[in-house]
Structure formats: structure tokens, C-alpha cells
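This report describes a structure with its sequence. Please look at both before reading on.

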Amino acid sequence: MDIKFKGGIILIVLIAALYYAFPTYRAYQPGVDPQTVDNKVNLGLDLQGGMYLDIEIKVEEAVKEIIRRTAVELEDLLIDEQIDFVEVRQTAGSLIVEMEAGKKVNLELEPYDRFLVQFDQQPEGELTFLSLKEDEANRIRESAVSQALEVLRNRIDSLGISEPSLQKQGANNIVIQLPGLKDRDRAIELIGPQAVLQFQIVNSNATPNTYNRLTEVVKYQEVWDKTTNKLISKRPYVLDKKILMTGEFIRDARVRIDSRDNSPYVALSFDSIGADLFAKITRRNVGRNMAIVLDDKVQSAPVIREAITGGEASISGQFTVEEADTLKIVLRSGSLPAPIEIREERTVGASLGEDSVEQGLSSLMIGSVLVLIFMIFYYRLAGVFAAVALIFNVILIISILGAFGATLTLPGMAGIVLTIGMAVDANVLIFQRIREELKRTENPRAAIQEGFGKAFRTILDANITTLFAALALLQFGTGPIKGFAVTLSIGIIASMFTAIVVTRFFFDIVYLRKTKLHKLSI
Amino acid sequence: MQFLNFKEGQFIDFLSYKRLAAVFSGLLILAGVASIVAHQGLKYGIDFRGGTNVQIQFSTAPDLDQLRQFFAEKGMKNVVLQTFGDAADKEILLGLPTGSPLGTGEQLTSELRKILLPQHPKLEIRRIETIGPKVGDELKISAVQAILIALGLVLLYITIRFQWRQGVSAIVALVHDVLVVIGMFSILDKEFSLTVVAALLTVVGYSLNDTIVVFDRIRENQGKYRKKPFDETINLSITETLSRTLITSGTTLLVVLALFLLGGEIIHDFAFALLVGVLIGTYSSIYVASPVAVYLTKLAPPAGTAPATT
């Protein structure tokens, strides 16, 4: 290849590398807010501090909930239509409608046919099995995840994190990244609860030992000691099974302070449908107690003194102001379609992140300086070529990471350090080969050509196999390991270019252009 | 400057040490396996076992026994306490099992503060890691998968570029390296975590690098000296590439050492695995991969060649 052409390519790559590495350099200068700079290498949460959460949406619970609601709806309808049935039972993925002996109901006719949109029916004597269609179940699962994403985004917005990230991962998982998060506990408190609000009537005549298991249910009110954070007692309530209303009609929620005892409570206001419904419910149950149930725990159960027509309700409990505030945000953002489970949490404090950056950088600096010194000492001028190529290599890695806006983690930094140790291998292979050739021939020019030529195949084989190992690591998804695999892969590819092309170019301009070449400094 | 300067055709008889090497490797692996059996399995980090780790920095050197007693009084007997990093850092790592009262709790940090603040008014919770039990199992599977995928790809590539004999001997050497490093972790009672798996795969890539350089030279020398016995060609090839092998090991060890000494506690075990791996990988490409290749060639000579003589 023509030297000028080669030099041109190297120059273009160098300029491009500097161009793409520059934003990263600028972003991390003192006094610069990194967020104002685009196309830079981002620091991973382990380096800048923050929280990484991998949560699972329990989508099967959302499917069960739909089946449960359908059962209630169907039961109500059968009662309204005055059909003689025994019961509507719910199993894992289906409903069973049991009719009285000899009675039948044709589900294909109005008003029952709407149930067959989601369910397949299979009659067997008095029993009719209704099973949820598989594509319907899938639709419910998918929408549960996208709804959860929406709700969680709203809740997280209230944390005031400047660049939060929520991403769907796999089928049922959401990865949340909150860089710079300060209050870890508050984030978990906001993200964790499903926040399903339900209104149910209390049956004051029944006790937990004597209640009708078909129509009633026992739920508990928990009493916590605020100073030791221990559960003191659980007060049982017997509630009508029927859920009169849920939190879906909440238009707004606010924290207010009760003037009588200065305790905070959460005031809810419903939208117009909710307000009408709430008025109807309270009018029918004047004199009884209505339990306000949040995530299956009774918050309070005040007496309904008169019909409440203003569309307002309040939840009082023994809240601290902060708890009331959390509840307010959670109720405003709406409930999650299914409970969630935290699969993985990695939270790093900002100061630890700074320490890690410092340690990573110092091992990077000292490791590379040692390698450079060795190379120059051992291979003299050729070693200098290799050293320049190595520095080029590091700039190239940073520019590639920056161009893709990649994220650098602590293991990722280790990957770069490692690349430096291994990148010189290509040069070592070439230089050793040239030395061998020099023993065989008097012609340094031929030795250079032979050295590069013969070493090339070995370098290719060796690097490709190392890439395989790095690729095998990429399957670990988003974790810190991926950062390592990415920088290692980029480093290997960049090192092939710098070791083979750039070093060769130096040999070309320093030695091969000379008309008389007697000795190599290698 | 040069060292290991050999005349052309001159070589060290590496293969004459193959029995010794086999005994050495065998003992090394056996010691590791024995240690794993004695410890009833590997000491998994939370990545694989699930649970919660909390890294806490104190303003004064913490007294672990006192802290242990303290947690026990609060009804938390299953916590594991250890110092983390240098004593000068005044840091501890608190390990909680899955489902512990503090566990994935919403109030983990405020609870810990409440417990510890009366004695240590200045403390900083620097890092919290919680891995659910399901994730631990998944990661275990991915780790095994990653190692198998890497080995499979390598076998395929070397078989295509060289011969299946070389492919198999490279794999034997890699499995050897992986076993030695894992064994070393068990012997030294170090935690086997996800980053160690990353280090293992890097070792696989690195050790392979060495092995391939030697194999490449063997292939070249086989073409050059058709009359030479196979053993001699191998010895010659290892000798010719020896200085490169040692120099590259040297530069890699330099940077790994920098990571090990300066990289901080979080990647300490990672760097340690690399340190052991680079050393053992260099050894194995000379004393494991090549002897196995010789053995396989004798066992199943390539078609059309005379069996190698010793």
C-alpha cells in the first residue's frame, strides 16, 4: 500500500478519534456539568453513585385479577337476570359456572356473549368451564408491564432525579436506573407498593371467628410503633367481600393536617364518575363503617354519618408527614396492575463512586506507564512506535465508547486496563518475529516485511478467539459484567488496528523510505 | 536488550517435562477439588447465592465482635460481618441472608442507621447490593452457559483453522486453567462472584492467545521441517515463541498487578483471579496444550503421515 494513502487513513482515524474523544474529555473537566455534553462516555452507576433496580412485574397476578373481576361481574349479571345458579368459582386460569340441576344458561346470547370475547367455553352438564384465551392472557400480561412502566415513571418523577431511566427488559422485568439518588429508602418506598385502594363495608356484627366465609373476608389493620419500627398489633375487621369502589377514580390526592391533633392525612378527590359512585355507596350505607383498604391492609374504617356527595374522601392513619406524602404520590400515580418483586438492587453512594473512579484511573495510568516503559526499554525505537500506538489505542477506545454514548463501569475500566496489557502482545509478536528474521537475513527491509507478514495471521487468530470469550460475556445483560465485555471487545478490535496498521506505518516512514538501511533499533 | 536468545534450530526439550507437568497440574486440580469438597461447595458471593450486602464506612475503626453482639441483641443472628479492604478504610461488609428482617426492606438504610448511630454517630452507607434468590439461580445458569459458549466457539474455531486435535488440546488446557483458578478460590476461601466469572472468561481468552501462538508456530514449522519428528517440532516451536510468551505475560501481569494493588477492594478478587489465571494460562499453553496435542497425534495420527516417534 502507498505510504501516503496509509498515512491518510491513519490521519483520518486519528482526527475522528480525537473528535469523538473530546466531548468525554470536556465533560469531566472541573466545573463542567457532564449532563450538558452529548456523545460522551457516561459513567455507570457504580462510578457516579445511584441506584440500579431490576424488578419483576408479577403478571400472573394481573391475569388472576381479571379473572376474579370477571367472576364478580358474571355473578352480578346472573343475579340481575334472576338465573338459578349455584356459584361462580375461580380457578388458576379459568372460571367455573355451576347451575342448579336442570337449569341452563346460554352464554352465546346477549347479555352474556361479551364474556366470550375473552373466554372459551366448555359446557359439561351443570358446569360450564370458561377458560381465558391464551392471546387474551398474553395481552393482559403485556399491558400489565406497559402500565407498570407508566405508573412507575410517574412515581419516580417525584424523586426529582435529573436523568432517571426505566427500561423494559425481557418479558416481565423493568430495569430502573436512578443516577445520583440520595435517599435510597424513599425510592424503594415509592416504587414498592402496588397501591391498590379499595372501599369495603365493615360488618360490625360478625367476629373473625364467626363470619360468613362466602360473602365476607377478614382484613387487618396494623399498628406500628413509630420509634422502634415494630409491629405492635393487628386489629381484624370483618368486611363484605364485595369491593364497592377502587382507587381508579382518584383525580387528585393531597396531604392535609388535621387541626384537632395535628396529624397528617391524605385527602382524595374523585372524578365525576367516582364522585357519583361514592355518593351512591355512602348514601346506601349511612351509619355503617366503611373500611379504606390499601394493598389488603385496612388503613381506617370511619363511620359514614351521611351521604358524601362532594366527591371527597380522606385516609387517616398514624402517618408521619413523610409517609402521608409517599401515599399521596403513590395514589396520584395510580396503582400497579400487579404486585412487583425486587429481583436485584445495586445502590452505590456518590463518594464510593468517586473513590472507584480514582482507583480505576490510577491503576490505568500506572499500568500503562509501566508497560510503556518496558516496551521502550526492551525494543528501543520500535518500542517507542508501540508506545505511541498504545496511546492511540486508548484514545480510540474512548472515542468509540463516546460516539455510542456507552456507559463505563468499574469492571469496564478494568477491561481497558487489561486491553493495554494485551494490546502490546500484537507488537511483541511482530517485533520478536522481526528479530528472528534479522538473525536469518542481512536485509533489515526484508526482516520488517517478513516479520509483519508472518505475525499477522497469528495476531488475527489469537485476537478472534479472545473476542469469543468477550462475546460469551455479553449475554449477562445490563449488569456491570457487560461493561467489561464491551470495553474488552472494543479494546481488542482497536488494538489490532493500532498494532498492525499504525506501528507498520512508523516502520514505513522511519525505515523503509531510507535508500540505505543497515540497522534497526529493535 | 534481549534475553532467551536462541540460535536457529536450537531448542529446549519442554516435552521431557511432560510427566512432571502432568503430576503438577493433577495435584493442583486435585487440591482445588478436595478443598471444594471439604468446604461443601464453592463459597458463592451474593450474585449467586442471593441476599444483601451492605458496605458501611465508620469514622473510627469498628469492633466487629462488638457489632456482632449488637446485631445479635437486636435479634439478627444471621448477619455476617467482615472488614472490607484496608483497615485504614474503616469499612465493613454486612451480609444479610435472603428474607432477613432487614432484607430487601424499604427501610434498610434508616433501620441500620437507627441501630448503629448510637455507637457510631458518623457512618456512611456506601453500597447496598441485593440479589433475589431467583436471580442468583439465573446468574449461575448464565455463568455456566457463558463458559460453555466460549469453550464451544473456541473448539469450533481452532478445529476449522487448525485440526480437531489442536482444538481438543486447547480446550483441555482451558478447562485446566479454569479449574485451577476456581480451586484456588476455594483453597483461599475467597468468594466466587460474578466478576470472578468474568475474570475466568478473560483468562480463557488470554490463555488461548498463548496456545494459539504456539500452535501457529507448530503449523508453520511442520511445513518448514517435514522430516523432523513431531516432538522436536513442538519443542522448537515452543522455544521460538518463548520470549514472546514471557514478554506478553510480563506486560499483562504488570497491568493486572496494577489493578490488584490499586484498583480498590471492589475489583480485588477480580484482579486476583486474573493474576492466578495469567500465570497458569502461560504455564498451560506450554505444558498442557502442547503435550496433549502430541498425545492426541500419537493416538490418532492424521491420515497420510507416519506416526510420530519419541
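Phe199(A) has Ile292(A) as its bridge partner in β15(A). This is a predicted model, in which local features need pLDDT of at least 70 and side-chain atom pairs count only at pLDDT 80 or more, while totals for chains, interfaces and linings use all residues. Residues are numbered from 1 along each chain as its sequence is written, and chains are lettered from A and ligands numbered from 1 in the order in which they are written.

**Strands of chain A**

Helices (H or I, at least four residues) and strands (E, at least two) are DSSP runs, numbered from the N terminus. Two strands pair if DSSP finds at least two bridges between them. A residue is called buried if 20 or more other C-beta atoms lie within 10 Å of its own, exposed if 12 or fewer do, and partly exposed in between, with C-beta atoms placed from the backbone.

Strand β9 of chain A covers residues 197-201; four of these five residues are buried, so the strand is largely enclosed by the rest of the structure. β9(A) runs antiparallel to strand β15 (residues 290-294) of chain A, and five bridges join them. β9(A) also pairs in the antiparallel sense with strand β12 (residues 245-246) of chain A, over two bridges. There, Gln198(A) has Thr246(A) as its bridge partner.

Strand β2 (residues 50-57) of chain A is mostly covered, with eight of its eight residues buried. In a regular strand the side chains alternate between the two faces of the sheet. Gly50(A), Tyr52(A), Asp54(A) and Glu56(A) point one way from β2(A), whereas Met51(A), Leu53(A), Ile55(A) and Ile57(A) point the other way. Strand β8 (residues 173-179) of chain A pairs with β2(A) in the antiparallel sense over seven bridges, and β18(A) is joined to β2(A), also antiparallel, by eight bridges.

| Strand pair | Bridges in the pair | A bridged residue pair |
|---|---|---|
| β2(A) and β8(A) | seven bridges | Ile55(A) and Ile174(A) |
| β2(A) and β18(A) | eight bridges | Ile57(A) and Ile340(A) |
| β18(A) and β4(B) | five bridges | Thr347(A) and Ile128(B) |

**A helix and a strand beside it**

Helix α4 of chain A has 24 residues (134-157), which at 1.5 Å a residue should span 34 Å; its end C-alpha atoms are 35 Å apart, in agreement. The expected span is 1.5 Å times one less than the number of residues. Among the buried residues of α4(A) are Ile140(A), Leu152(A) and Ile156(A).

Leu166(A) lies in strand β7 (residues 165-169) of chain A. With 17 other C-beta atoms within 10 Å, Leu166(A) is partly exposed. Leu166(A) and Leu152(A) are 14 residues apart in sequence, and their C-alpha atoms are 8.4 Å apart in space. Two residues are in contact if their C-beta atoms, placed from the backbone, lie within 7 Å. Beyond four places in sequence, the residues that Leu166(A) touches include Leu149(A), Leu152(A), Ile156(A) and Ile174(A).

**The two chains together**

In chain A, 62 residues are in contact with 59 residues of chain B. The elements giving two or more residues to the side of chain A that touches chain B are α5 (184-191), β18 (340-348), α8, α9 (410-440), α10 (444-473) and α11 (480-512) of chain A. That side divides into 31 nonpolar, 17 polar and 14 charged residues. Here Ala, Val, Leu, Ile, Met, Phe, Trp, Tyr, Cys and Pro count as nonpolar, Asp, Glu, Lys and Arg as charged, and the others, Gly among them, as polar. β18(A) also pairs with strand β4 (residues 123-131) of chain B in the antiparallel sense.

**Cores**

A nonpolar core is a set of buried Ala, Val, Leu, Ile, Met, Phe, Trp, Tyr and Cys residues joined through C-beta atoms within 7 Å. The largest has 138 residues, of which Val417(A), Ala150(B), Val181(B), Leu200(B) and Leu201(B) touch the most other members. Helix α8 (residues 350-403) of chain A gives the largest share of this core, 19 residues. A second, separate core of 67 residues includes Tyr52(A), Val63(A), Val88(A) and Leu239(A).

In chain B, Val197(B) is placed in helix α7 (residues 194-224). Val197(B) is buried, with 27 other C-beta atoms within 10 Å. Leaving aside neighbours within four places in sequence, Val197(B) is in contact with Ala143(B) and Ala146(B).
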